[in-house]
Amino acid sequence: MSGSTWERPLDAVRTARAVRSGEMRARDVVSAALARIAAHEGALHCFNTVTTDDAVAAAERIDAVVAAGKDPGPLAGVPIALKDNLCTRGIVTTAGSRILEGWVPPYDATVVRSVAAAGAVVVGKTNLDEFAMGSSTENSAFGPTHNPWDPNRVPGGSSGGSAAAVAAGFVPIALGSDTGGSIRQPASLCGVVGVKPTYGLVSRYGLIAFASSLDQIGPFAVTVADAATLLDVVAGHDPADSTSLDVRPEPLTKLLDEGVEGLRVGVISDFLVDASPSVAAAVHDAAEALAGAGAIVEEVAVPSLMLGLSAYYLVAPAEASSNLARYDGVRYGLRVDGPDVEQMNARTRSAGFGPEVKRRIMLGTYVLSAGYYDAYYGQAQRVRTLVARGFAEAYTRFDVLVGPTSPTVAFEIGAKTQDPLAMYLSDLYTIPTNLAGHPALSVPFALSEGLPVGVQVLAPSLGEGRMFRVAAVLERGADPAARGPIEPRLAGVPR
Amino acid sequence: MPEVSASFSRDDVVYVARLARLELEPGEVDLYAGQLASILDHVAAVTGLDTSAVPATAHPLEIENVLRSDTPGSTLARDEVLAQAPRAEGGRFRVPPILGEVP
Amino acid sequence: MTTDRPGHPGWEVVVGLEVHCELSTETKLFCSCPNAFGAEPNTNVCPVCLGLPGSLPVLNARAVEFAVRIGVALGSRVEASIFHRKNYFYPDMPKDYQISQYDEPINVGGCVELADGSRIGIVRAHIEEDTGKTTHVGGGGRIHDADYALVDYNRAGVPLVEIVSAPDIRSADQARSYVNELRAILIATGASDGRMEEGSLRIDANISVRPAGSDEYGTRCEVKNLNSLRSLGRAVDYEAVRQIEVLAAGGTVVQETRHWNEEEGRTSSLRSKEEAFDYRYFAEPDLVPLAPSEAEIDAVTADLGPLPAARRHRLGELVGTDGSPIPVDQLATVVGLGLDDLVLGAVGHGADPRLALARAANEAANRPAEARSLDPVAFAELITLEAAGQLSATQSKAVLAAMLEGGGEPRQIAARLGFEALGDAELEAAIDAALAAHPAEWARFKGGDAKVAQFLLGEVMRATRGRANGKVVAASLEARRS
C-alpha cells in the first residue's frame, strides 16, 4: 500500500530524549502513531480498544510538563500499547473474553501507573488469547490478530496483539504477560524483542490472573535498548503484591554494551531435537555470533526441562480454575439470568467463556479434586522442583543458556485450532522458565522463508543483566531483515 | 506413585463442570471428554515418575513474612463499585435466589 | 462426664465447637479497608476485598499478631504456616474461594481450663478471611422461599481466627462454659471484643452421642445458626435427644449439617444427601509463608500476662487462706469481667480478701466498665470500713454504687449520704437508750430469750437510722448480758 502513512517509528529511547529536550512534541509523536494505527489496524486487529482521545490528551499534558521546564520521565511522549489483561482505570479491559466485555476497571495496574509516571502515552489495549490462555491469539472472543509479516498467519500468543502492534510499527514498545511463553513466543513469531522478567521482579497487581505462580508482565520492543528501558520503568518492589521481590534492580540500560567476553553460554541441546531445521540453524548461527564476540559456547543437555510441558499443563490450569471462579455474573461483567444463583452462575460462565478456557478450567478442577490432587497437582509441583534443579545444575557451569524460542515460525491461522495438544507444543521451550521463575527473552535473529525466527536467551533468577548483554550482542549479529517493524502486509501480497 | 488411570470420562466431565459452574450441552460433554482425555494422557507422562525424594515447589520465590501495617487506606466509591454491577438494589448487589446453603 | 437425660439414661453427648472470632484490627485481613461494624453497605470495599480481576492480597501484620496472641493464650504451638484456597461458589464470596489455612495452620494444639477446673482440648486455631453478608428478600426472610438476595461486601475480608476444640465437651452447660471461657481469653488477649450479638463470635457445634462409657465416636452432625449461649445450650440438648431417639429406635444418624431454629427450638436438616464438599484446597500462590520468630512469640507470651484460669487460681489462693470453701462462682465472675486486679490491688492495701471478692462479684460486677477503672486504694478503704463495722453491708453497697457512678472517696460519700460511721461511744449510748426504753425485753434477753434479740437490734437500728452495724450491736448485747 504505497503512499500510506506508514513510517518506521523512532525508537523509544530517542523519542523520549527528543520530547524531553523539546525537540519533538509528544502530541506529534502520538498523532503519528494513531495515524499508523488508523491506516493499518483494520487488517491486523492488534487492538480491542484504541484510546485516541485519552492519548491525545495525555500527550498534550506531557508537552505542557516539558514547557514548564519539568521532566516527564524516561519514556516521555512514547506511545505504548498495553495487553488487554492489564487493568486500566476508566478504559475497557476485557482479557479477550465475552465475560468481561465492556468491563471498566475502577483502578490501574501498578505497571500502568509506572509507565504513565514515566511519561509514556497509552494508545490502546491489545488483543490476546482469552484470559491469556493460548499460543496464537486465536482464542480471543473478539477475533484473531493477524501477523504483520503475513496476515494469513498468527502473531503467536497469548500476547499476539502487543507483539503485532510493535512489529507493525504502531508503537515502539508494548507490555504483555508471559505465563508459559506468551511474550517470548509471539515476539519470535513477529520479529521483535520480548522479555519475561524474573518472577517477582515486576508487580502483578492489576494483571488479570491466569496462573498466579507463573504469570509475569514484560516488555515488547523493536530494540534491546528499548526493552531494557521499559523493563527498568516497571521493575521493582510493589507493596501491593506479596510476591513482589524486595529489590531495587540496577538499571539495565547501563549494562547493554558490556559485551559477552568470557561469558559461559550453554546451548540447550534438548530443545534442538524437535525444532524445525531453520529454527535450529538460527540457534547455531546465534551461538557462533556469541562465540565470535568472545563468549565460551558449548552444548548442554538439560533433560529435566522436557518434563516442563506436562507439569505446566497440570499446574497452570489448576491455578486458573481457581482464579477464574470469580467470573460468576454477580459483581461485574456478563450476567445471563437464571431462576436461582447457581443456574445464573452456570449460564453466565458457559456463555462468557470460550472453549479453551472451559477446557482448562475443567482440567484444572479435575487435577485439584479430591482423590486426584496428589497424583496430578502434587506430582506436578514436584516435577517443578526437578526442572528447577535441572536449571540450577546447568547454571553451575554456564552463565546463560540459549535455545530456540518457538519450534516453528508463524503458522497459518486455523492450522492448530483443531488439536489443543498441537497448540500446547508451541510452548515447549518457553514453559520451563516460568516453572523455575527465571527470566528469559527472545531476540529476532534470522528469517526463514520470509518469516522471523527468534532466539531465546535464558538466565537464572535476577540474571537480567547478563541476559540483556547477550541479547545486545545477538541484536548486532542478527539478520536486519528478520527484525520488525515492517509495514503490515496485505492478505494475498506475496512475501 | 499409585497408578492413576489417565482418562477423562464423561462422568468426570459432568462432575467437574458442576463443581466449576459450567453448563454444557450433552454433545459438548462428549467432545470435551475426548479432548481432555487426550490432554491428560499426554501430561500424565509425569504421574509415573518417581518423585518420592523430591519436595514440591509451591512457589518460585523463597520469601516469607510479607506483611502490611494495620493502617486504613482508601476505599472505592460505592457508585463506582455498583456502576459495574449487573444488578444492584439499595446499595447492594442483587442476585437470584440462593438455593444451596453455605458449604 | 455422663449426662443422663430424662428418659434416656446411659447415653453421653459428645460436642466439639468451632468458634469463629472476628479480630479487632483497624483494617481487613488482606487490604486496608476499615474493619468496622455497621457502615452503609458496600462502602468499606476496594479491589482486593471485592476480588476484582487483577487484585492481590497482602497480609495484615496486626491480624497475625492477634493470631499469635490467641495461640499463646490457648497454649497452642505457634508454628510456621501457609495459606490455602478453599474453593467453592457462593455470592457472598467475592473470589469464589476463601483464603484460609488448611493443613499447616498457625496454631496447633492447646487447652482451655474452665471455671470448674475441667479442661477442653484445642485442636487448632487458624487465620482466615470473612465473607460478605447476604440478605434474603421476600418469602418472609426464609432462605428457601426468597425471591432474590442482596449482598453487602463490607464484611468480606474481615480477619477471623477459627478455633476448633477437641470433642471433649459433654453437656450443654459445659459448652456454654467453654464459650464463656474462650470469650474471656479472647478479650484478655485484646484480639476480640467477644460480642456474639454483633457477630464478633460465631459458633458451629459438632454433636454426636454414644452409649455412656464407650470409647468410639458416634456419627456427628454439624449444627449452625447458634447466635447466643442460650441457643448453644438448647441446641446441644435438643440434638442429643434427637440422635438418641434415632439410635434407640434402631436407626442410624445421618452425617449432615443442620440448622438451629431458635423459635421452634429444634434443628432441621440443611443439606440434601449431598456428598462431602470438594473444596480442592491448594496453597495460595499469591501469598508467601508466615513464620513468626521465637522472639516474637516470646514477646507475646511475656506481654500477655496471666490468663483467666491462672488469674482465678491466683485470686483463689488469696481468698482460700483461711481454709474455708472458695467461692468458685465469684472467682469466675470477677476474673471474667477483668476485676481481679481491682480485688488484688485492694487486698494489697489491707482489704479483707473475702469481702473484697464478694463486693466485686456481687456489686461492682453490675457496672464492669466503671469497676475496672475504680481506684483499688479507695475500694480497699471501703472494704475496710465495712469489715470494721463502721459501715453496714447496706451502706457499703450504697457507697460503692455511688463510687461507680461518679467516683470519689468512701468516707466523703458516706458522710454525704449521712452514713457517718457510728463512733463506739455513740453506739453504746444508743444501745443504752434502747435497753432503757425496753426493760422487759432486756430482762427476757438476759434470761436467754434469743428471739427478743432481733427486736432489740431493730430498735437500735431505728434509733441510729441504720448506721449501726448489726454484728457489732449483737456482740455488744452479748457482752452486756454476761
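The model is predicted.

**Stop one: chain C**

Select chain C and colour its domains. Domain 1 covers 11-298, domain 2 covers 306-416 and domain 3 covers 424-481. Now find the centres of domain 1 and domain 3 of chain C. Taken over C-alpha atoms, they are 63 Å apart.

**Stop two: two helices in chain A**

Select residues 308-323 of chain A, helix α9, and residues 374-397 of chain A, helix α12. Their axes lie 9 Å apart, at an angle of about 130°. The two helices are therefore oblique to each other. The crossing of α9(A) past α12(A) is left-handed.

Next, show the side chains where they meet. From α9(A), pick A:G308, A:A311, A:L314, A:V315 and A:A318. Facing them in α12(A) are A:Y376, A:Y377, A:A380, A:Q381, A:V383, A:R384 and A:V387. By class, this contact has nine nonpolar residues, two polar and one charged.

**Stop three: chain B against chain C**

Show chains B and C together. Here 34 residues of chain B contact 43 residues of chain C. On the side of chain B that touches chain C, the elements giving two or more residues are β1 (67-68), α3 (78-83) and β3 (92-95). Which of them gives the most? Strand β3(B) does, with four residues. This side of chain B holds 17 nonpolar, eight polar and nine charged residues.

**Last stop: a strand pair across the chains**

Zoom in on B:V95: its bridge partner in β10(C) is C:A149.

Definitions and conventions:
Residues are numbered from 1 along each chain as its sequence is written. Chains are lettered from A and ligands numbered from 1 in the order in which they are written. This is a predicted model: local features need pLDDT of at least 70, side-chain atom pairs count only at pLDDT 80 or more; totals for chains, interfaces and linings use all residues. Domain bounds come from an automatic or database domain assignment. Axes are lines fitted to C-alpha atoms, for helices over the stretch in contact, and angles run from 0 to 180 degrees between N-to-C directions. Angles under 35 degrees count as roughly parallel, over 145 as roughly antiparallel, 65 to 115 as roughly perpendicular and the rest as oblique. A crossing is left-handed if the near helix is turned anticlockwise from the far one by less than a right angle, and right-handed if clockwise. Two residues are in contact if their C-beta atoms, placed from the backbone, lie within 7 Å. Ala, Val, Leu, Ile, Met, Phe, Trp, Tyr, Cys and Pro count as nonpolar, Asp, Glu, Lys and Arg as charged, and the others, Gly among them, as polar. Two strands pair if DSSP finds at least two bridges between them.
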